[in-house]
Amino acid sequence: MSMSLAAAAANCRCSRVVFVGNIPFHASEKELRDACELIGPIRSLRLSADPATGKRKGYAFVEYPDDETARSACRNLGGHPLRGRELRVSLAGRHYRRRRALGDHEPVGLEDAIHAASLVSGAPPPDSVTRYLAARSLRELRALQGEGPDTTKLLEEHVPGLSAVMEQVRHLLDMAAADKAAEEAKNKKRAAAADDHRAKLAKVEVEDGDGFKDKIAVSAVGVACF
């Protein structure tokens with residue numbers, strides 16, 4: 001492994017804190033704690049909430065005693081059902097670094113390829129594979145799975161090392177899907193806030209000569225002149 005790739009891998013794998021998303025709002029902290037402790041003991045659990053209202057945001061940060069347990073949580077706690085939802089789990093470091101969802105034709109990048117390699121059970125794929133996948137787009141990664149699950153499973157059983165590579169590909173696609181869902185939710189929230197703001201601006205108060213106020217609706221486009 002080259003020094004740059006080794007340093008990046010160490011940085012990716014050193015986190016003991018995992019991001020747990022898609023938490024049902026009606027799930028208790030104890031229920032979430034019990035789910036996280038299925039992987040092993042935890043040092044801390046912090047449910048994120050709006051500081052002004054105290055309303056929970058649907059995600060938490062959980063600290064495990066060591067790196068290996070945190071990586072195990074990424075592999076085994078993701079998809080765990082809790083009150084009708086499947087938890088999404090990733091190392092917190094990557095969650096903070098991701099700025100936007102990738103486009104279908106953009107390379108996934110070395111950082112995400114290394115992160116996906118760290119989630120592979122057993123021996124990680126060779127460095128050459130990680131570099132190759134880093135240069136591939138989401139469209140190309142999906143094409144690698146294009147032969148269908150039965151064919152892929154058969155190849156994984158007979159081609160040494162292929163199972164780890166395909167698992168790395170699956171992790172990359174899952175990470176991209178989670179990023180896209182998060183970005184869509186954020187955009188939807190922004191659009192709703194903008195619509196609410198426009199609706200408030202569309203109403204003005206008119207005061208007549210006797211001091212009475214009346215509300216009238218005004219088009220957001222403008223008022224026609226007569």
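Helix 6 (residues 127–134) has Val 129, Thr 130, Leu 133 and Ala 134 as its buried residues. Buried means under 20% relative accessible area, exposed means over 50%, and partly exposed lies in between, with a 1.4 Å probe and protein chains only. These four residues cover an arc of only 135° around the axis, so they sit on the same side of helix 6. The arc is that of the directions from the helix axis to the C-beta atoms. The buried residues of helix 6 pack against helix 5 (110–119), helix 7 (138–144) and helix 9 (162–201).

This is a predicted model, where local features need pLDDT of at least 70, side-chain atom pairs count only at pLDDT 80 or more, and totals for chains, interfaces and linings use all residues. Residues are numbered from 1 along each chain as its sequence is written, and side-chain values use heavy atoms, with hydrogens and water left out.

Now the whole chain. The chain has nine helices and eight strands. Both are DSSP runs numbered from the N terminus: helices are H or I with at least four residues, strands E with at least two. The chain has 226 residues, and 32% of them count as buried. Take the contacts between residues at least 6 apart in sequence: 67% of these join residues at least 24 apart. A contact means heavy atoms within 4.5 Å. The accessible surface of the chain is about 14100 Å², and carbon and sulfur atoms account for 54% of that surface. Such areas come from the Shrake-Rupley method with a 1.4 Å probe; for residues, only the protein chains shown count as cover.

Next, the aromatic rings. The structure holds three aromatic pairs. One of them joins Tyr 59 and Phe 61 edge-to-face, at 5.9 Å centre to centre and with 85° between the planes. Rings of Phe, Tyr and Trp (its six-membered ring) pair if their centres lie within 6.5 Å; planes under 30 degrees apart count as stacked, over 60 as edge-to-face and the rest as tilted. Tyr 59 is partly exposed, at 25% relative accessible area. Phe 61 is buried, at 8%.

Arg 136 lies over the face of Tyr 132, 4.3 Å from the ring centre. The cut-offs require NZ of Lys or CZ of Arg within 6 Å of the ring centre and within 35 degrees of the ring normal.

What about the cysteines? Cys 36 is buried at 0% relative accessible area, and Cys 74 is buried at 7%. The structure holds zero disulfides. A disulfide would need a pair of cysteine sulfur atoms within 2.5 Å.

Most residues other than glycine have a negative phi. Asn 22 has a positive phi, near 65°. Asn 22 lies in the loop between strand 1 (17–21) and helix 2. Asn 22 is partly exposed, with a relative accessible area of 23%. Arg 83 also has a positive phi, near 55°. Arg 83 lies in the loop between strand 4 (81–82) and strand 5 (85–86). Its relative accessible area is 44%, so Arg 83 counts as partly exposed.

Glu 37 is in the loop between helix 2 (29–36) and strand 2 (44–49). At 36% relative accessible area, Glu 37 is partly exposed. Glu 37 and Ala 73 are 36 residues apart along the chain, and 9.3 Å separates their C-alpha atoms.
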